[in-house]
Each structure stands twice: as structure tokens, then as C-alpha cells.
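Please find below a note on the model under review, arranged as numbered points. Each point may be read beside the sequence and the coordinates.

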Amino acid sequence: MPNKLAEQTSPYLLQHADNPVDWWPWSPAAFAEAARRGVPVLLSVGYASCHWCHVMAHESFEDAATAEYMNDHFVNIKVDREERPDVDSVYMDVTVALTGHGGWPMTVFLTPTAEPFFAGTYFPPRPRPGMGSFRQVLTAVTEAWRTRRDEIEESGADIARRLAEAATRGPASGLAAEITPALLDTAVAGLSARFDARHGGFGGAPKFPPSMVAEMLLRHSARTGDARSLEMVAVTCERMARGGIYDQLAGGFARYSVDATWTVPHFEKMLYDNALLLRVYLHLWRATGSALAKRVVRETAAFLLADLRTPQGGFASALDADAVPASAAPAGAHPEEGASYAWTPAQFVAVLGPEDGRWAVGVFGVTEQGSFERGTSVLRLPADPDDPARFAAVRAALAAARATRPQPARDDKVVAAWNGLAIAALAEAGALFDEPDWVRAAEQAAVLLRDVHLVDGRLRRTSRDGRVGVNAGVLEDYGDVAEGLLTLHQVTGDPEWLALAGTLLDIVRDRFAASDGGFFDTADDAEVLLRRPRDDSDSATPSGQAAVAGALVSYAALTGSTEHRSAAETTVARVAPLLARDARFAGWAGAVAEALLAGPAEVAVVDSPALERLARLGTAPGAVVVTSGPLTVGRETAGVYVCRDFVCELPARTAAEVRRQLGVKVAS
């Protein structure tokens, strides 16, 4: 019998709708029920493509005896962290504070007033060294609640009080710093000291794609001419594109690598990673002309359109890490991570024949020992083969064979912020690569956000099958959607997208602003939690602060609004101490800072179609390029007009002049 999740729109929650656990969605009614029964709340937070979330579900939440105990002693709440990043943020802070680490699945025990008193992540069904079983944890919490409830409630209240005090102080303790060339030099020097010169990236395993940091370094190189910054990006992007983290058959990147060499990924493919990385590789190609970067752009765009596009024109959140292997029994079989992607030499020969199979084994680094589980290998491409036609035929045959395997599930909810990132990437890439289908896909996603996600003038976080979710948009939704719309406006010339971006940024300044500069992650009329979330640091995506700052800078450059520029400068200044201390966690703020130091360039192309694409190929940090709109008003003479900080150069009327003024590196 379905539990209380059956009517939800989140695929993650729906995955648990048939659990024997009587799950509730996050709601006042759930906490009221806990108060009525006098029991604690068990809060479980995860997301649809999370491998260990699936593992814990199979081991514990599908187990009838465990579910019966949970139902008897707790009110159980299931939360999709991608729908409720505010809830996730608050209780992840608790989990890290109590355990020293975080991650998903996240398990937090709360009082009926939502105050936390015990937390953890994954709990196994049987005890392991240093880790109790889930049933042991449930029993211990139940016994403590029965015998020491007053003490537990006092502890929960104390934790809640400390969270509120921390929120009052703010994440940066009110500090701010002026954005200067010296500060950016310090940030880049810190990145250089942490750079893995052999394998690319920063630090060791696990290793995540440093998308925001790469954007910062590309802009720093363009502004200063620093070869080291460009080298760090080029090495990192090449190693990732040749590693197992990149899908060598169909394009697209996995979430992260479990090792330092980008060999074995955690196989989930997220929309946000691929949108951000598409833009990184586009900008790397623009700076260097790299053929590998150009191929990755095309293949990643193709992956977005083929595998993540929804019937409504948006982009789905993710592909799962897991699939049910073909060798598993159909009834009751549990998915295995990477089952769709890993290969053996024998499988290559079976698909390609002996000659091509043996050749392809060498090309893709497949071995008898394997690089993954059960003697299988994740495909890599250590070097480009010397026979491109043969390589293309082999890839096509392997991709077709892989398509007959069980495929990962798709989390098909549409998240506003991540669609904003995809809109920006596809619109810009479509303009530079002359791919109008990519631009049209970006437009259709923007239409979905406008027509479905905008409700009473405010953004909603998610939709699914064209049905909008109930959760309010958070700061990153407004910032990333505005960024996407501003990029789309530049490419299409449609003034509607500029106007809508301005409306979203006005809402941010009105409803999200903090008194000491910057912004909260939730609006002033959002649900009241233990604290009002506010995070300066990037995670897998740009922080809401940095996303909004970037959109404010672009909007100011496009319209001449000094108010928007000033708001951006204040926001970035708040993040500057983190940027100087460790830019790995403030890469997008660093990229915005580079744009501020560089101007950014305001480029109006008037009656010069032959020069338009060349202008868009410029590497000037954060430059905006338009053929219509406020920047073109009063300019009737044909040419490319480049202005920075209220100072304009003479109109460029030749390709050489455009190249000089905008730092164009590649052939048009």
C-alpha cells in the first residue's frame, strides 16, 4: 500500500512511495503527528541518483521488520535535497557538526519541534567495525527518548540555538575585502600550490570537476596573460576528457572520480556538471583552439539534448549511477553501480570481432584485470587513435551494444537553477558553433521556466511533466536562471529575456537581501527553519551569492545600471576573504571578480554580421555582446563598439581591430 509520498512530484520521493515505511513528506502535519504521538522524527535526506541512498533503501527501508520498527517508534520524513536545498543545508550543518563529516543519505533524528539531537549518514543493516547497524541506532535512539527525553530535548534546543546564533553572525563574520588585482593573484597562487600537475585538478581522491575554478582561471589568464592559469585548466580538462569520468562512447561527464586519476567515476550524470563543463570546454576552446575541447563541447551538448531533455522542453536533473545488470535475476534484482558502462576484453571482441576488438581494447585501456569491479574496465582514451574513421565506427558499434544493456534511471524533475545553467551553456555554444538547434533548445527551456516555474511572479524550484512543484525557488534558482536568460538575450536579441532577468534580480534585491551585504539563500517570506540558510561557498554548483553577483554584473553591463553593479561588488567583496583563503570553494566569485576588474567589456555589434561571431569569440572576462538593446541605442554607424568602465574605444570595423580589442585567440 503506498505511503504518504504517492502524490509527490519528486522522483526520489516516488522511489520510496511503496516502501513499507510510512514516509511523510516534509510538512507541518508530519511534525504535528510526532507531537501528537510523543515520538521523535526520523529525517532521511537524499536524491534520486545517489548510489548509497539506493543501497540503504534496499537494505533497510524495504525490509518489513525494520520498517515496522520505524513506524512504531518514529514519524518518518523523506526529503529530496534537490527539491529542498534549504532543509538539506540546515541539517547537513548539524550532521557535520555532530559527526565531523557529511554526505547522503543523511539521517537526522529530531524532536517534534524540528530540533536535531542525533545525526549520521549511511547506516548498514549489520554492524561493521566502528559503525553500528541501522537497527542498533534506531533502538538506541528509542531507548534514549524513552528514558532521557528531557535531556534530549534540551540538547536539541541547544543545537538549534547555536545554529541560530551562527546565522546571525553570518558565514563571513561580517568581513569584506576590496576586489583588487593583488587579491586575485593571491587566490590563483593558492590554486597553483594545490594543483595536481600530473593528473590535473586540485587535491587528491575523490576528485570533482573544478568547473567554477576553471572559469576563474580562464578569465584570469585572459585578463593578465598568465600562462600558468591557462595551463592548469588545459591539463585538467584534457585529463578529465581522456579519463573514465567522461563517457567515451556518448559524451557527458559523471559526477566525480573516486580516485585522483579520473579513472573510475561515481557514475551518476548530473545536469549541473554537464552544463558547467560544457561552458568550461567551450571557453577553453575559445582560448586555445583545442580540438579535444571542441569535440567535448559537441558531445556534451549532444548528451544534454539526447539524454536529459524532457518532453516539455526542459532538462532533467540526472541519470542514475546504477542499473540492473543483465546477468541479475529479474525478480527482486537490485541495481549495480556502473553496470551500463563497464566492459571486459571479451565483450569488446563479441561486439566488434577479433581484429577491431583487440584494437579497441588498446585504444580504450580495457584490461583483463580491469579498472573497476568484477574484472571490468571503465573506458578511457589515453591518446587519440591514428585512424579516426575506424575509431568512429568502433565507438558507434560499442554505443549501440551498450544501448541494449539495462539503462540507468532518469530523475526527470526540472530544477530551475540547473536549467538556467544549461540555457547559458547551450545558447552561448550554439552561437559560437553555429548550431541553431542548441539555441532553440535553450529558448524552449527558458519558455518552460517562464510559463511553468513562474507562479504569481515568483520562481518555483522544480517541475515534473509540466506540473510545477510547491517549493519556492532559492537564491541559486534566481541567480542561475537570470544568468541563462541574459546569455539567451545576447544570442537571440529578444528583449523579453533581458526584462525577465531584470525582474528576477529585482526580486532578489527585495526579498533575499541581508543587511550586511550579500543575500540569504531563502526569501524573507520562506518557511522558517532553525536558521535562515546563507552560504558563500561553491559546492557542486556556484553558490547562490556568486550566481547572483555574476548575473548582476552582466545585467549592469547590458543596461548601464550602476545600482546592479554596486550590488554585485558588495556581494563579491563579502566572499573575498574566502576567495583569498582557498579559491577552490569560491571559484565563481573569483570569476565574477575577474569580470569586474576587466570592466567587463560592453560590446555592441551594429550592422556588422561578418564581425558578430568574431566578437563573441573574444576572451575578455565577462564580456557582454549584443546586436540590439540598450547598448546599441544611438549607434548608427556600422562596426563593433567596445566600452569598459564608461570609456569606449573607436568602433572596430575590421577583423584585426576586433581581435585586438577583445582578445580573440582562435580563427573565426
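1. A nonpolar core is here a set of buried Ala, Val, Leu, Ile, Met, Phe, Trp, Tyr and Cys residues joined through side-chain atoms within 4.5 Å. Buried means under 20% relative accessible area, exposed means over 50%, and partly exposed lies in between, with a 1.4 Å probe and protein chains only. The largest such core has 137 residues, and Met 216, Tyr 281, Phe 315, Val 603, Val 640 and Leu 662 have the most contacts inside it. Apart from it lies another core, of 30 residues, which includes Val 21, Tyr 122, Phe 134 and Val 137.

2. On the basis of the values: the model is predicted, local features need pLDDT of at least 70, side-chain atom pairs count only at pLDDT 80 or more, and totals for chains, interfaces and linings use all residues. Residues are numbered from 1 along each chain as its sequence is written, and side-chain values use heavy atoms, with hydrogens and water left out.

3. The C-alpha trace spans about 80 × 70 × 45 Å along its principal axes. Of the 668 residues, 59% count as buried. The chain exposes about 25,300 Å², of which carbon and sulfur atoms supply 53%; these areas come from the Shrake-Rupley method with a 1.4 Å probe.

4. The chain comprises 24 helices and 21 strands, which are DSSP runs numbered from the N terminus (helices H or I, at least four residues; strands E, at least two). Among contacts (heavy atoms within 4.5 Å) between residues at least 6 apart in sequence, 68% join residues at least 24 apart.

5. Which residues does Leu 662 touch, beyond those up to four places away in sequence? They are Ala 601, Val 603, Ala 615, Gly 618, Thr 619, Ala 620, Val 642 and Arg 644. Strand β18 (residues 602-606) is largely enclosed by the rest of the structure, because four of its five residues are buried. Three bridges join β18 to β19 (residues 624-626), and the two run parallel; Ala 604 has Val 626 as its bridge partner in β19.

6. Strands β13, β16 and β17 form an open antiparallel sheet in the order β13-β16-β17, where two strands pair if DSSP finds at least two bridges between them. β13 (414-415) and β17 (467-468) are at the edges with a single partner strand each, so one side of each lacks a neighbour in the sheet. Two bridges link β13 to β16 (residues 462-464), and Thr 462 is the bridge partner of Val 415.

7. Val 468 belongs to β17. Val 468 is partly exposed, with a relative accessible area of 26%. Leaving out residues up to four places away in sequence, Val 468 touches Val 452, His 453, Val 455, Arg 460, Thr 462 and Ser 463.

8. A polar atom of its side chain lies 2.8 Å from the backbone oxygen of Met 232. Aside from neighbours within four places in sequence, Thr 236 is in contact with Phe 195, Gly 200, Gly 201, Pro 210 and Trp 262.

Notes: A polar contact is a pair of N or O atoms within 3.5 Å; within protein, one must be able to donate a hydrogen and the other to accept it, and residues adjacent in sequence count only if both atoms are side-chain atoms.
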